[in-house]
Amino acid sequence: MEIRPYRQQQDFRAILDAQCDLYQINFPRFVCTPTFLADQAQRLRVAGRRPLENGIFVLDDNGVMAGFVWVAVRVDLQGSYGSVDQVYLKPTYRRRGYGAWLMEAADAFVKKQGLKVARLYVTRENADAVKLYQSRGYEVTRYEMERRL
Ligand SMILES: CC(C)(COP(=O)(O)OP(=O)(O)OC[C@H]1O[C@@H](n2cnc3c(N)ncnc32)[C@H](O)[C@@H]1OP(=O)(O)O)[C@@H](O)C(=O)NCCC(=O)NCCS
């Protein structure tokens with residue numbers, strides 16, 4: 001088992017195949033359409049060509065993609081930061097400590113790019129993810145609120 005940088009040829013399909021599951025877990029009303037997948041494929045193709053702006057790291061189990069993390073360098077009103085856009089483990093690899101390992105790879109990338117802040121969004125109901133992030137030192141800085149009408 002190792003964590004290594006993303007290889008477009010080898011990992012593209014496996015990461016794309018994880019997209020529906022990843023979004024369905026986090027957005028209960030999300031519908032995974034061919035258009036969504038085409039957009040994600042395009043995003044991934046572009047990211048794969050820009051390794052300085054996109055740290056994508058794969059958890060490799062003897063040639064099988066067990067999970068991955070995708071951090072993008074972004075700029076907003078507060079300056080540059082590392083945005084942990086996606087963290088994903090295939091179901092059989094969850095709750096074994098690999099999530100923390102992927103987050104370490106994300107941290108290392110953010111530091112290597114000279115950035116001081118990592119940020120992410122998570123759905124409150126996604127308890128495993130929230131727990132993982134809190135254990136890694138992430139703190140709540142903003143709330144997204146909604147009300148049913
Ligand atoms: C979110 C996600 C990446 C978290 O991964 P994870 O492997 O569960 O996270 P961790 O590595 O922190 O492991 C968590 C659990 O495994 C336990 N664990 C850690 N190391 C372990 C080890 N070596 N052996 C056994 N258990 C271990 C931890 O104690 C923890 O258990 P607890 O919650 O009962 O305390 C994973 O659940 C996932 O892929 N979810 C679907 C995609 C998703 O929602 N991504 C986040 C989008 S915001």
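Biologist: Why is Tyr143 called exposed?
Modeller: Tyr143 has a relative accessibility of 71%. Exposed means over 50% relative accessible area, buried means under 20%, and partly exposed lies in between (1.4 Å probe, protein chains only). With 71%, Tyr143 therefore counts as exposed. One word on the source: this is a predicted model, where local features need pLDDT of at least 70 and side-chain atom pairs count only at pLDDT 80 or more, while totals for chains, interfaces and linings use all residues. Residues are numbered from 1 along each chain as its sequence is written, and side-chain values use heavy atoms, with hydrogens and water left out.

Biologist: What makes Val140, Tyr143 and Met145 a nonpolar patch?
Modeller: Patches are made of residues with over 30% relative accessible area and no salt bridge; nonpolar side chains (Val, Leu, Ile, Met, Phe, Trp, Tyr) are joined within 5 Å, like charges within 9 Å. Val140, Tyr143 and Met145 form such a patch on the surface, with about 450 Å² of accessible area together (Shrake-Rupley method, 1.4 Å probe, with only the protein chains shown counting as cover for residues). Tyr143 itself is found in the segment after H4.

Biologist: Why is Asp11 called buried?
Modeller: Its relative accessible area is 2%, so Asp11 falls in the buried class. Asp11 sits in helix H1 (residues 8–26); helices (H or I, at least four residues) and strands (E, at least two) are DSSP runs, numbered from the N terminus.

Biologist: How do you know that the side chain of Asp11 makes a polar contact with that of Arg4?
Modeller: The distance is 2.8 Å. A polar contact is a pair of N or O atoms within 3.5 Å; within protein, one must be able to donate a hydrogen and the other to accept it, and residues adjacent in sequence count only if both atoms are side-chain atoms. At 2.8 Å, the pair of Asp11 and Arg4 is therefore inside the limit. Leaving aside residues up to four places away in sequence, Asp11 touches Arg4, Pro5, Tyr6 and Val58, where contact means heavy atoms within 4.5 Å.

Biologist: What makes the pair of Asp85 and Arg43 a salt bridge?
Modeller: A salt bridge is a side-chain nitrogen of Lys or Arg within 4 Å of a carboxyl oxygen of Asp or Glu. The closest N and O atoms of Asp85 and Arg43 are 3.3 Å apart, so the pair qualifies. Asp85 is partly exposed at 27%, and Arg43 is partly exposed at 30%.

Biologist: How many salt bridges does a search of the whole structure find?
Modeller: It finds 11. Among them, Arg95 and Asp128 meet at 2.8 Å, N to O. Arg95 lies in the loop between S4 and helix H3 (98–112) and Asp128 in helix H4 (residues 127–135), so parts that are 33 residues apart in sequence are tied together. Asp107 and Arg136 also meet in a salt bridge, at 2.8 Å, N to O. Here Asp107 is in helix H3 and Arg136 in the segment after H4, 29 residues apart. Salt bridges that share partners also join Arg4, Asp11 and Asp60 into one network.

Biologist: How do you know that a disulfide joins Cys20 to Cys32?
Modeller: A disulfide is a pair of cysteine sulfur atoms within 2.5 Å. The S to S distance of Cys20 and Cys32 is 1.9 Å, so the pair meets that limit. The link is left-handed, with -65° about the S-S bond. A search of the whole structure finds one disulfide.

Biologist: Why does Leu22 count as buried?
Modeller: Leu22 has 9% relative accessibility, so it falls under the buried limit. Leu22 lies in helix H1 and touches Gln86, Val87 and Tyr88, not counting residues up to four places away in sequence. The C-alpha atoms of Leu22 and Tyr88 are separated by 6.8 Å, although the two are 66 residues apart along the chain.

Biologist: Which value does phi of Asn62 take?
Modeller: Phi of Asn62 is near 50°, a positive value in a residue other than glycine. Asn62 is in the loop between strand S2 (54–61) and strand S3 (64–76), and its relative accessible area of 74% makes it exposed. Phi of Arg95 is near 60°, also positive in a residue other than glycine, and Arg95 is exposed at 67%.
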